[in-house]
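Here is a short report for a reader meeting this structure for the first time. Keep the sequence and the model in view while reading.

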Amino acid sequence: MTSTVPAAQERKAPGRPRNAQADEAILDAVLALMSEGQSATAVSIEAVAARAGVGKATIYRRWPNKESLLIDAVRSMKGPIPELPGASVRDDLIAMVTANRSSRSREFGKVTACLLPELQRDAELSRMHHAVMEPRREVMRTILRRGIAGGELRADLNIELTLLMLSGPSMMQGLFGIDTGVTDDDFPTMLVDSLLRGAAA
């Protein structure tokens, strides 16, 4: 799934300011196309440009190829890593789970479903996706390690397994629309509290 463009197109023109509205329109166009069922392979720069109302050159000034555009679209779904309250492991985990969820979770779940096959087939795209997700996972590891060191969490806690337990439910709900009987606002607190019943020291 590689894309080649002229070297001149791989760089933003000198002195040309980035247009935040154009960036957002382009990323939203990628997400919209994939949420409608287009696979990552099927999404084309031409289709994204048409959907966003910009020219192809506008996209190539910002992203050198389709892979980098797709990964930035994934990054935009996640948003920034939040500033953590730091009062307790529980509060920090709730803040992270809340930040990883979105009011557009159903739409983003469809995007994830379209992207997953490509992550299995394309090693470079998978590496780029991992690079986007790893900083968030490392923040969660830091919270858990702090909890172990401070006696809030069990000394024998499996950190990587706990990360899966914290991230998996939101992804599954987004992918399949599973009704948990818990409101979106309550979901992060309920999830963290359920996990801590087994993880707490």
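At 2% relative accessibility, L31 counts as buried. Buried means under 20% relative accessible area, exposed means over 50%, and partly exposed lies in between, with a 1.4 Å probe and protein chains only. L31 is found in helix α1. The C-alpha atoms of L31 and T112 are separated by 9.6 Å, although the two residues are 81 residues apart along the chain.

This is a predicted model, in which local features need pLDDT of at least 70, side-chain atom pairs count only at pLDDT 80 or more, and totals for chains, interfaces and linings use all residues. Residues are numbered from 1 along each chain as its sequence is written, and side-chain values use heavy atoms, with hydrogens and water left out.

## Overall make-up

The secondary structure comes to nine helices and zero strands. Helices (H or I, at least four residues) and strands (E, at least two) are DSSP runs, numbered from the N terminus. From the N terminus on, the elements run α-α-α-α-α-α-α-α-α.

The protein has 201 residues, and 38% of them count as buried. Take the contacts with a separation of 6 or more: residues 24 or more positions apart account for 69% of them. Contact means heavy atoms within 4.5 Å.

S35 is buried, with a relative accessible area of 17%. Leaving aside neighbours within four places in sequence, S35 is in contact with E107, K110 and V111. The C-alpha atoms of S35 and C114 are separated by 7.7 Å, and these residues are 79 residues apart along the chain.

D92 sits in helix α5 (residues 89–100). At 1% relative accessibility, D92 counts as buried. Not counting residues up to four places away in sequence, D92 touches L84, P85, G86, A87, I143 and R146.

## The nonpolar cores

Which residues of the largest nonpolar core touch the most other members? They are I26, V30, M34, V48, I59, L69 and L115, out of 31 residues in that core. A nonpolar core is a set of buried Ala, Val, Leu, Ile, Met, Phe, Trp, Tyr and Cys residues joined through side-chain atoms within 4.5 Å. Helices α1 (20–35), α2 (45–52), α3 (56–62), α4, α6 (105–121) and α7 each supply at least two residues of this core. α1 gives the most, with seven residues.

Leaving aside its neighbours within four places in sequence, V48 is in contact with I26, A29, V30, L33, V43, I59 and L69. There is also a second, separate core of 19 residues, which includes V89, I159, L166 and L191.

## Helix α4 and its partners

Two packed helices are described by the angle between their axes and the distance between the axes. Axes are lines fitted to C-alpha atoms, for helices over the stretch in contact, and angles run from 0 to 180 degrees between N-to-C directions. The axes of α1 and α4 come within 9 Å and cross at roughly 90°. That makes α1 roughly perpendicular to α4. Angles of 65 to 115 degrees count as roughly perpendicular, under 35 as roughly parallel, over 145 as roughly antiparallel, and the rest as oblique. I26, L27, V30, L31 and M34 in α1 meet L69, L70, D72, A73, S76 and M77 in α4. The residues of this contact divide into nine nonpolar, one polar and one charged. Ala, Val, Leu, Ile, Met, Phe, Trp, Tyr, Cys and Pro count as nonpolar, Asp, Glu, Lys and Arg as charged, and the others, Gly among them, as polar.

α4 (residues 66–78) also packs with α7 (residues 123–149): their axes come within 10 Å and cross at roughly 25°. α4 and α7 are therefore roughly parallel to each other. E67, S68, I71, V74, R75 and K78 in α4 meet L125, M128, H129, V132, M133 and R136 in α7. These residues divide into six nonpolar, two polar and four charged.

## Helices α8 and α9

Helix α8 (residues 159–176) and helix α9 (residues 187–199) pack at an angle of about 145°, with their axes 11 Å apart. T162, M165, L166, P169, S170 and Q173 of α8 make the contact with F187, L191, V192 and L195 of α9. The residues of this contact divide into seven nonpolar, three polar and no charged.
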